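This report describes selected local features of one protein model, arranged by topic. Please keep the sequence and the structure in view while reading.

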Amino acid sequence: MIFKQILILFLFICIQSSFSSSIIDIAFTVKNLSTNQRLQLNFFTFITSLFQHTSKDNLRLHVIGDSDSHHFVNQTLQNLHYNHQINKFNIDDLASKYEKLISPLIKHFSSGHTYYKDPLFFLSPFLHQILPENISRVIMLDIDLRFDNDIQELYKLFNQFNQSQILGIARENQPIYRHLLWLYRQENPHTNIGNPPPYGITGFNSGVLLLNLNQIRQSSLFNNYLKNSYLIEQLIHKYHFNHSHLGDQDFYTLLSFEHNDLFFILPCSWNRQLCTWWKGKGYDDVWDNYFNCNNEQNISLYHGNCNTPMPNRIINEKLEL
């Protein structure tokens, strides 16, 4: 009996040790990094905070970008003593290779917004095709992030996916989709689409993505939407989703109206969005319901989005490397 208990304990320790030392695949996109000081500051904050909380030996990086940005990333990582291989993908080559698949997404989810017409913002739905098949899970991240916790803890959330969930993503923390869906909500006053957490189908923010690549590869439902743009057009028409402009997160949001079971909802503490652009623009009565994070004292990952620099109160906190 004692021997059995010792054996069980030994196996448990081995499993835990194996998990803690497993390689975490991380993908991110960069463009114009070599000439844009704001992006450089964002990237330095992102990568140094990541390395502060997670061993470099547990990370495998996949970088999608232009050649000058790749060079900047290489130099930065060398200066931070990251000596592992970096898998680099040229953004122009990918845009050309997947042009027929990406073009419908750009057409429907950039709404004339020049910034979001860049293929850069539409690659995450195709990462299961871009990355080698031996990579089964990847965390895709924006670079305007600051870690306050070990990314291993985020990676563990993959184990909470059920059989239908192929992608982990956090809710949008502003009433963006409440606004975009005003006509559908007017025609359907009892809908929960566009409503705030915890019960609303709020819409998503794609700054942090957990992609179960194997599940995505096997999902005929998901891939049918990528291959057949008329399916997307049907949903756009049904929900009057005509002025979306935020790239891949609009695609995931629209898909969630019909197929919410595909998505695992990440805790707000793993994508604590700091943008307040929509505050004071007609939604003050419900603002807090969207923006507040119920785990405010234990934020693991800050997101300084809406194309603004990370706030000084976050960026200036000392990083001990």
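Asn-32 lies in the loop between β1 and α2, where helices (H or I, at least four residues) and strands (E, at least two) are DSSP runs numbered from the N terminus. Although Asn-32 is not a glycine, its phi is positive, at about 60°. Its relative accessible area of 45% makes Asn-32 partly exposed; buried means under 20% relative accessible area, exposed over 50%, and partly exposed in between (1.4 Å probe, protein chains only).

The model is predicted: local features need pLDDT of at least 70, side-chain atom pairs count only at pLDDT 80 or more, and totals for chains, interfaces and linings use all residues. Residues are numbered from 1 along each chain as its sequence is written, and side-chain values use heavy atoms, with hydrogens and water left out.

His-81, in the loop between α3 and β3, is another residue other than glycine with a positive phi, near 65°. With a relative accessible area of 59%, His-81 is exposed. A cis peptide bond, with omega about 5°, joins Pro-197 and Pro-198. Pro-198 belongs to the loop between α9 (182–187) and β7.

## Helix α3

Helix α3 comprises 13 residues (67–79), which at 1.5 Å a residue should span 18 Å; the end C-alpha atoms are 19 Å apart, in agreement with that value. The expected span is 1.5 Å times one less than the number of residues. At the N-terminal end, Asp-66 caps α3, with a side-chain oxygen 3.3 Å from the backbone nitrogen of Asp-68. This is a polar contact, defined as a pair of N or O atoms within 3.5 Å; within protein, one must be able to donate a hydrogen and the other to accept it, and residues adjacent in sequence count only if both atoms are side-chain atoms. His-81, with its positive phi of about 65°, comes just after α3.

The buried residues of α3 are Ser-69, His-70, Val-73, Asn-74, Thr-76 and Leu-77. They pack against β1 (24–30), α2 (37–53), β2 (59–65) and β3 (86–90), contact being heavy atoms within 4.5 Å.

## Strand pairing

Strands of a sheet pair through backbone hydrogen bonds, either parallel or antiparallel. Two strands are taken to pair if DSSP finds at least two bridges between them. Strand β4 (residues 137–141) is mostly covered, with four of its five residues buried. Three bridges link β1 to β4 in a parallel arrangement, and Phe-28 stands opposite Leu-141 of β4. Strand β4 is also joined to β7 (residues 204–212), by five bridges and in antiparallel fashion; here Leu-141 stands opposite Val-208 of β7.

An open sheet of three strands has the order β5-β10-β9 and mixed pairing. Its edge strands, β5 (145–147) and β9, each pair on one side only. Strands β9 and β10 run parallel and are joined by two bridges, with Arg-272 opposite Tyr-302 in β10.

## The loop between β8 and β9

Asn-271 is located in the loop between β8 and β9 and is buried, with a relative accessible area of 0%. The side chains of Asn-271 and Asn-205 make a polar contact of 3.1 Å. Leaving aside neighbours within four places in sequence, Asn-271 is in contact with Ala-170, Asn-173, Asn-205, Gly-207, Val-208, Leu-301 and His-303.

Cys-268 and Cys-293 form a disulfide, with their sulfur atoms 2.0 Å apart. A disulfide is a pair of cysteine sulfur atoms within 2.5 Å, and the count by this rule is one. The link of Cys-268 and Cys-293 is right-handed, with 85° about the S-S bond.

## Nonpolar cores

A nonpolar core is a set of buried Ala, Val, Leu, Ile, Met, Phe, Trp, Tyr and Cys residues joined through side-chain atoms within 4.5 Å. The largest such core has 60 residues, of which Leu-127, Leu-211, Tyr-239, Phe-241, Phe-251, Tyr-252 and Leu-254 touch the most other members. Apart from this core lies another, of 37 residues, including Leu-77, Tyr-82, Ile-86 and Phe-161.

Beyond its neighbours within four places in sequence, Phe-241 is in contact with Phe-109, Tyr-177, Leu-181, Ile-236, Asp-250, Thr-253, Leu-254 and Phe-257.
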